[in-house]
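Colleague: Could you take me through this model and say, for each term, what it rests on?
Modeller: Gladly; here it is.

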Amino acid sequence: MIPENTVRVLDHGFVRLDDAMASDLSVVNAARVSFARRKDEMDESDEGLIRFLMRDRHGTPFEHNSFRFHIRSPIFVAREWMRHRVGSFNEFSMRYAKATDDFYVPEADDVRSQVGKPGAYSFEQVSPELAEQTREELRAVYDHAYETYERLVEAGVARELARSVMPVGAYTEFFWTINARSLMNFVSLRAAETAQREIRRYAEACETFLAEKMPVTHAAFVAAGRTAP
Ligand SMILES: Cc1cc2nc3c(=O)[nH]c(=O)nc-3n(C[C@H](O)[C@H](O)[C@H](O)COP(=O)(O)OP(=O)(O)OC[C@H]3O[C@@H](n4cnc5c(N)ncnc54)[C@H](O)[C@@H]3O)c2cc1C
């Protein structure tokens, strides 16, 4: 069963909205406080105001809200994610808890080649044979790594050291709390064609929650070419 407010991503991952304090009205009221005015309900002029703020890149009224996500992703996705400094993170610790034996094995369609120069790569699906070989080789490495990890821990080696054998395809979990302005910056960069396919799927999942909680803001973001204000 899929828990509420959860989007499944990749083979063992998810994005779950743990909680949110987020509405389009918060943007409007943050902007209107400049004129000592406040609204209890959105109307058409407020929607226009949000579009204006987005278009003219008045970003701060989009900061008075909060999304708290619980995410499960491969370590290499989390590594890219945590480059986004404006937001708060807490992550699962392989010092304190045993590592998971869930590892990312891409679907055959997602096994791709990489051609061209940095910044202008193109990705093409490989042959079915190479896709299957890749998946098998990944599984073999994961099995060997996890067996070694368990053997070392069993023999008395500290988890904080034994984890060195874990590949970046292993899954991790973290909490991420962020405001809409920074979330739009993340989505703008990571749901883009230029981002790695795996993190793109996570960014798309996060974007569904932005659209659900702040539909006018999200529509204005899309209309403004998906550039964060
Ligand atoms: C396709 C792609 C490829 C990438 N490749 C690499 C790579 O090869 N190597 C690498 O190291 N990183 C790489 N990155 C990460 C990238 O450099 C950023 O660290 C990451 O995208 C976070 O973006 P950000 O700084 O806008 O977000 P945040 O860190 O969340 O910052 C949000 C905004 O706050 C402001 N801000 C935050 N910190 C500062 C600061 N110190 N000074 C001034 N303004 C600040 C900026 O306006 C920034 O846009 C890549 C990112 C993408 C999307």
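**Terms and what they rest on**

Modeller: By class, the shell around the ligand holds 3 nonpolar, 4 polar and 3 charged residues, where Ala, Val, Leu, Ile, Met, Phe, Trp, Tyr, Cys and Pro count as nonpolar, Asp, Glu, Lys and Arg as charged, and the others, Gly among them, as polar. This is a predicted model, in which local features need pLDDT of at least 70, side-chain atom pairs count only at pLDDT 80 or more, and totals for chains, interfaces and linings use all residues. Residues are numbered from 1 along each chain as its sequence is written.

Colleague: Which residues are around the ligand?
Modeller: They are R83, H84, R85, V86, S182, N185, L189, R190, T194 and A195, and a residue counts as near a molecule if its C-beta atom, placed from the backbone, lies within 6 Å of it.

Colleague: What makes β3 and β7 a pair?
Modeller: Strands pair if DSSP finds at least two bridges between them, and β3 (residues 66–74) and β7 (residues 171–178) are joined in the antiparallel sense over 8 bridges, so they meet that definition. One of the bridges links P74 to Y171 of β7.

Colleague: Why is one side of β1 and of β4 left without a neighbour in the sheet?
Modeller: The open sheet runs in the order β1-β2-β3-β7-β4; β1 (6–9) and β4 (88–91) stand at its edges, each with a single partner strand, so one side of each has no neighbour there.

Conventions: Helices (H or I, at least four residues) and strands (E, at least two) are DSSP runs, numbered from the N terminus.
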